[in-house]
Amino acid sequence: MTKSIADQNLPLIARRMDRVSSFLAMDVLSAAAAKERRGDSVIHMEVGQPSAAAPRAAREAAKAALDLGRIGYTEALGIASLRERIAKHYRETYGVSIAPERVVVTTGSSAGFVLAFLSLFDAGQRVAITAPGYPAYRNILEALGIEPVVIPLNKADGWIMTAKAIEKAHAAKPLHGILAMSPANPSGTMIGRKALAELGEICRRLGLWFVSDEIYHGLTYGDAASTALASDDDAVVINSFSKYYCMTGWRIGWIVVPERLVRPIERLAQNLYISPPYLSQVAALAAFDATEELEAVKAGYARNRAYLLEELPKIGIAEMHPVDGAFYIYADIARYTNDSIGFCKRMLEETGVAATPGLDFDPIEGAHYMRLSFAGSENDCRETVERLRGWLK
Ligand SMILES: Cc1ncc(COP(=O)(O)O)c(C=O)c1O
């Protein structure tokens, strides 16, 4: 019997998709949900999202738009009022002036990555990312046939991507771009103003695209985060309403791109997504006026962070990256395991505390790390410490 075209092509499709690994954090989420269905209590320290609702103003704006009835497509680049408001946000927050026309509203930053990568890189080109780092970078790049070049972070450099490391990687084999993140997931480390400017400088000198993921901006516990746009007008900046604005499920974010990329990105966006969701754009616009409510949520994270940084060392989790921002603690658990997946599974089963294995973020050193998210309640943090006390031996 002759094989169908689909069958003949299957090995090729399977090979390509084999390179896209599953997101272990989501697998932990499923295991935790299964445990809850069995009636067990689970403390969700694995989830990388705020437990707070979207700001009231955002929900009310969405309700009012819903009552008007028609939820239609918008322009592919987003509604003009939101693009203008985002440009104003750069003036107010960073003192950086960007034209609203350079703002592209996206279906979460996740869609922003696809648009940015497709418009900046050809298949086969090489983009530097970090380990540890956000796993989707590697997986999206691989899915698009772009080669992720992993730069291992180290303590001596303060666990951040440095210009020196980029120069070295480029000298070994030419890169086409870099993807930096500050504050970072999973480590919470921040790239200061000077180091960020140095990254921009090295990219200009070597002719590389500088992509800066700024999705955790607003969530810092010391100095405020700097935008790559402050020192490099050509940087491609990715941001989102998911984290500071507590709007993960609304799937709404933005990118700021150099003027010459706007039209190519618009064409891609029209074809890939048509437009970002209208209702979410209306809600996002209103979220800019919810500073008081959002700062109160952030104050809760700050309390959780202070509590965990004080208590975790007492129960045997003492080695962690500096938690400058975001809402994660990335802990070295080498004294307990070199199998973070097995460790997190056992911890979930035996204590009901769900955490994300470090292997999600770093295929090598991640074997002895785990990530705890403190975006939940104060009670979740206290309960975590209580349940792990005595279990960690
Ligand atoms: C560093 C980083 N970038 C991007 C994203 C994706 O966010 P979204 O698509 O919800 O904007 C996440 C989500 O956890 C993240 O941690």
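In this predicted model, an oxygen atom of the ligand lies 2.7 Å from an N or O atom in the side chain of Ser-240. The ligand is surrounded by 15 residues, and Ser-240 is listed among the closest of them together with Ser-110, Tyr-216, Ser-242 and Lys-243.

**Ligand site**

- Lys-243, which is also one of the closest residues to the ligand, places an N or O atom of its side chain 2.7 Å from an oxygen atom of the ligand.
- The element that gives the most to the shell around the ligand is helix H5, spanning residues 108-120, with a contribution of four residues.
- In terms of residue class, the shell around the ligand is made up of six nonpolar, six polar and three charged residues.

**Second largest pocket**

- The volume of the second largest pocket comes to about 400 Å³, and its lining consists of 21 residues.
- Nearest the centre of this pocket lie His-89, Thr-93, Gly-218, Tyr-244 and Tyr-245.
- Helix H4 (80-94) and helix H11 (291-311) each supply at least two residues of the lining of the second largest pocket, and H4 gives the most to that lining, with five residues.
- Divided by class, the lining of the second largest pocket has 10 nonpolar, seven polar and four charged residues.

- When the whole structure is searched, two cavities of 30 Å³ or more are found.
- The largest cavity holds about 110 Å³ of space, and among the 16 residues that line this cavity, those closest to its centre are Thr-130, Leu-153, Met-161, Met-181 and Ala-184.
- Strand S5, which runs over residues 177-181, gives the most to the lining of the largest cavity, supplying three residues.

**Antiparallel sheet**

- Strands of a sheet pair through backbone hydrogen bonds, in either a parallel or an antiparallel arrangement.
- Here, an open sheet is formed by three strands in the order S9-S12-S11, and the pairing is antiparallel.
- Strand S9 (328-332) and strand S11 (356-357) are the edge strands of this sheet, each of them pairing on one side only.
- Between S11 and strand S12, the latter formed by residues 369-373, the antiparallel pairing extends over two bridges.
- Pro-357 has Met-370 as its bridge partner in S12.

Conventions. Residues are numbered from 1 along each chain as its sequence is written. This is a predicted model: local features need pLDDT of at least 70, side-chain atom pairs count only at pLDDT 80 or more; totals for chains, interfaces and linings use all residues. Side-chain values use heavy atoms; hydrogens and water are left out. A residue is near a molecule or strand if one of its heavy atoms lies within 4 Å of it. A polar contact is a pair of N or O atoms within 3.5 Å; within protein, one must be able to donate a hydrogen and the other to accept it, and residues adjacent in sequence count only if both atoms are side-chain atoms. Ala, Val, Leu, Ile, Met, Phe, Trp, Tyr, Cys and Pro count as nonpolar, Asp, Glu, Lys and Arg as charged, and the others, Gly among them, as polar. Two strands pair if DSSP finds at least two bridges between them. On a 1 Å grid over the protein atoms alone, a cavity is a set of points where a 1.4 Å probe fits but cannot get out, and a pocket is an open set with protein on both sides within 12 Å along at least five of seven lines; lining residues have an atom within 4 Å of a point. Grid points are joined across faces, edges and corners, and a volume is the space filled by probe spheres set on the points.
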